[in-house]
Amino acid sequence: MAELCGMGCCAGCGRKEACGGCEKTGGRPFGGPCVAARAVEAGGQEALAALKRALAAEINALGIPGLRVRELTPLNGDYINLEYRLANGRGIKLLRDDAVYLAAQVERPGRERCYGIAADEQYILVCEYGCGGSEPEIVAYLRRHQEEAPGR
């Protein structure tokens, strides 16, 4: 199996038998969109690199204490789509299980919690959670405001 983005996703994926591979599925490895494949399709490796830089810069500019993103890697929504408790006690998931996002986990210095980041051309989600994704909390969920997102 080969991926379109060249990021080594297929080699490290524990679910590659379920998806069929990015190249084989036309950039929709789990049935939904892959942000990296869309960027490469729209403008090659340069567009993917530009998207990753832009997303990292936007995330770092949020000014969230202890959050500094250096690298974003593709991750399946099913793996990172945590359920958040709303004030009314109901649960909500903000990502698509069948999509692939550019994501990162950043450990919080001196804390037993991590930041989790998931982003695509349109949205950025920053959450905080404990071991194994326990007790997740939304830190920031925003729509990206730009004229034309790379890879769209």
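What share of the contacts in the chain with a separation of 6 or more is accounted for by residues 24 or more positions apart? Residues at that spacing account for 45% of these contacts, a contact being heavy atoms within 4.5 Å.

The views below show a predicted model, in which local features need pLDDT of at least 70 and side-chain atom pairs count only at pLDDT 80 or more, whereas totals for chains, interfaces and linings use all residues. Residues are numbered from 1 along each chain as its sequence is written, and side-chain values use heavy atoms, with hydrogens and water left out.

**View 1. The whole chain and its secondary structure.** The chain holds four helices and seven strands, in the order α-α-α-β-α-β-β-β-β-β-β along the sequence; helices (H or I, at least four residues) and strands (E, at least two) are DSSP runs, numbered from the N terminus. Of the 152 residues, 45% are buried, where buried means under 20% relative accessible area, exposed over 50%, and partly exposed in between (1.4 Å probe, protein chains only). The accessible surface comes to about 8400 Å², with 49% of it belonging to carbon and sulfur atoms, as computed by the Shrake-Rupley method with a 1.4 Å probe.

**View 2. Strand β6 and its two partners.** Strand β6 (residues 123–129) has six of its seven residues buried, so it is largely enclosed by the rest of the structure. Strand β5 (residues 114–119) runs antiparallel to β6 and is joined to it by six bridges, two strands being paired if DSSP finds at least two bridges between them. The two form a hairpin with three residues between them, and within this pairing A118 has L125 as its bridge partner in β6. Strand β7 (residues 137–143) also pairs with β6 in the antiparallel sense, over six bridges, with Y123 standing opposite R143 in β7.

View 3. The structure holds one aromatic pair, where rings of Phe, Tyr and Trp (its six-membered ring) pair if their centres lie within 6.5 Å, and planes under 30 degrees apart count as stacked, over 60 as edge-to-face and the rest as tilted. The ring centres of Y123 and Y141 are 5.6 Å apart and their planes meet at 10 degrees, so the pair is stacked. It links distant parts of the chain, with Y123 in strand β6 and Y141 in strand β7, 18 residues apart. Y123 counts as partly exposed at 29% relative accessibility, and Y141 is likewise partly exposed, at 37%.

**View 4. The nonpolar cores.** A nonpolar core is a set of buried Ala, Val, Leu, Ile, Met, Phe, Trp, Tyr and Cys residues joined through side-chain atoms within 4.5 Å. The largest has 26 residues, of which L55, L67, V69, L72, Y115, I117 and V126 touch the most other members. Two or more residues are given to this core by each of α3 (35–60), β4 (100–107), β5 and β6, and the largest share, ten residues, comes from α3. Apart from it lies another core of 13 residues, which includes L95, A99, A103 and C127.

**View 5. R113 and its surroundings.** R113 is found in the loop between β4 and β5 and is buried, with a relative accessible area of 14%. Leaving aside residues up to four places away in sequence, R113 touches E107, R108, E128, Y129, G130, S134, E135 and E137.
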